[in-house]
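I opened this notebook page to keep track of what I looked up, one topic at a time. The sequence and the structure come before the entries.

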Amino acid sequence: MSKPRILLISSHHLFGESMEAILRAETGIELVGPWKIDDQDICQRMDEERPSGVVIADENLYSASAAELTKSIIEQYPNVTVIRTALNEKVLRIFSTHTLPARGNDLLETIRGCVSPAQETDKANEK
Amino acid sequence: MNKTRVLLADDHALFREGLAGILGAQTDLEVIGEANDGLEALVKAKELKPDLILMDVQMPGVGGIEAVGQIKQVLPETIIVMLTVRGDDELLFEALKNGAQGYLLKEIRSQDLLEMLRGALRGEAALSPTLAGRVLSEFRRLSKGGGAERESESGLTEREQQVLSQASQGASDKEIAAELNISLNTVKTHIRNILAKLQVSTRREAAKAAKAKGLV
């Protein structure tokens, strides 16, 4: 059975590696990354990786770089859900072109509830 | 082999959970407890007597800098390494003066963090090269008679008195940060420390106490 394919992007190495430790321990998720948030070619590389969800772990929930990246991803990949977490906030924020129910601050529960398995996303992209 | 017993103190539960996973995967380290703020870190440290505490600087209530001093008073042998997003000079120096063995940025890679922690356990300073350089500069400044920070009777450092003076005149945290050329987070930490040292709970009370004691 296909799992959510999650791309992890972070602003700080240790924050990214901490998120990676949590996500890699979860057998129900396929993880790509972590990548650095200031990498120039994230959206192009996403074409190859085809994630069904993206977790952006930034220093600040309102950082301009995270906001810009979220906007680019949602515009170019409307079926990809973006989940943002930040060192200055203890909540998760979900960005999607679909309406989603509110979730708590449990990252894994949020992914399970809001991110489609990878193959469904691929099919949607091919339409 | 006896594992090093580690207490993690950070108010960001997700980050703390991941960090615990990274440390727990090491054969020589064991995470024995977690704390959400400085007060909880102090309570758990007294109870669990960890060998090493990895302590976030910015935490609600009792912050990391204050907690270091309190923990070192009761557990002088415990190694404490600070972990933070920014390397503000003020907080760096205060943490080291309070007894921290190291001060690391969250930009660090986990492999380097682990090396630094193991070094700290051997008695080395866990400082990134940039922060080590700042410590050297401060040491040189002090040894040239640049004036060590004088503490007032209430125990406020010179910088804390500057922050209090601004706050007493009604300046916001942002305005204080701009005026003193320090980060907003540093201002917030100073305010927390000032309130604790003057034993008050609001800025207004701090301003009153400061005027009464002739501090501003």
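The entries below go from chain A to the helices of chain B and then to single residues.

**Entry 1, chain A as a whole.** I note at the start that this is a predicted model. I looked up the secondary structure of chain A and found five helices and five strands, which follow one another from the N terminus in the order β-α-β-α-β-α-β-β-α-α. Chain A has 127 residues, of which 50% count as buried, and its accessible surface comes to about 6,200 Å², with 45% of that belonging to carbon and sulfur atoms. I also checked the contacts in chain A between residues at least 6 apart in sequence, and 65% of these join residues at least 24 apart.

I looked at the peptide bond that joins A:Gly33 and A:Pro34, which is cis, with omega at about 10 degrees. A:Pro34 has its place in strand E2 of chain A, residues 30-36.

How do the axes of H4(B) and H6(B) cross? The axes of H4(B), residues 89-98, and H6(B), residues 129-143, come within 11 Å and cross at roughly 80 degrees, and I therefore list the two helices as roughly perpendicular to each other. On the H4(B) side the contact is made by B:Asp89, B:Leu92, B:Phe93 and B:Leu96, and on the H6(B) side by B:Leu131, B:Arg134, B:Val135 and B:Glu138. I sorted the residues of this contact into five nonpolar, no polar and three charged.

I then turned to H3(B), residues 64-74, whose axis comes within 8 Å of that of H4(B) and crosses it at roughly 10 degrees, which makes H3(B) roughly parallel to H4(B). Here B:Ile65, B:Val68, B:Gly69 and B:Lys72 of H3(B) meet B:Leu91, B:Glu94, B:Ala95 and B:Asn98 of H4(B), and the residues of this contact divide into four nonpolar, two polar and two charged.

Which residues of H8(B) are buried? In this helix, residues 173-180, I found B:Asp173, B:Ile176, B:Ala177 and B:Leu180 buried; they lie on the same side of H8(B) because they cover an arc of only 100 degrees around the axis. The face turned away from that buried side carries the exposed residues B:Lys174, B:Ala178 and B:Glu179. I followed the buried residues to their packing partners, which are helices H7 (158-168), H9 (184-198) and H10 (203-212) of chain B. Just after H8(B), B:Asn181 takes a positive phi of about 60 degrees.

B:Gln199, in the loop between H9 and H10 of chain B, has a positive phi of about 55 degrees although it is not a glycine. At 72% relative accessibility, B:Gln199 counts as exposed. I also recorded B:Lys49, which lies in the loop between helix H2 (38-48) and strand E3 (52-56) of chain B and has a positive phi near 45 degrees.

Key
Residues numbered from 1 in each chain as written. Chains lettered and ligands numbered in written order. Predicted model: local features only at pLDDT ≥ 70, side-chain atom pairs only at ≥ 80, totals over all residues. Heavy atoms only, no water. Buried < 20%, exposed > 50% of the residue type's maximum accessible area, 1.4 Å probe, protein only. Helix = DSSP H or I, 4+ residues; strand = E, 2+ residues; numbered from the N terminus. Arc of directions from axis to C-beta. Contact = heavy atoms within 4.5 Å. Areas by Shrake-Rupley, 256 points an atom, 1.4 Å probe, with all protein chains shown as cover. Axes fitted to C-alpha atoms, helices over the stretch in contact; angles between N-to-C directions. Parallel < 35°, antiparallel > 145°, perpendicular 65-115°, else oblique. Nonpolar A, V, L, I, M, F, W, Y, C, P; charged D, E, K, R; others polar.
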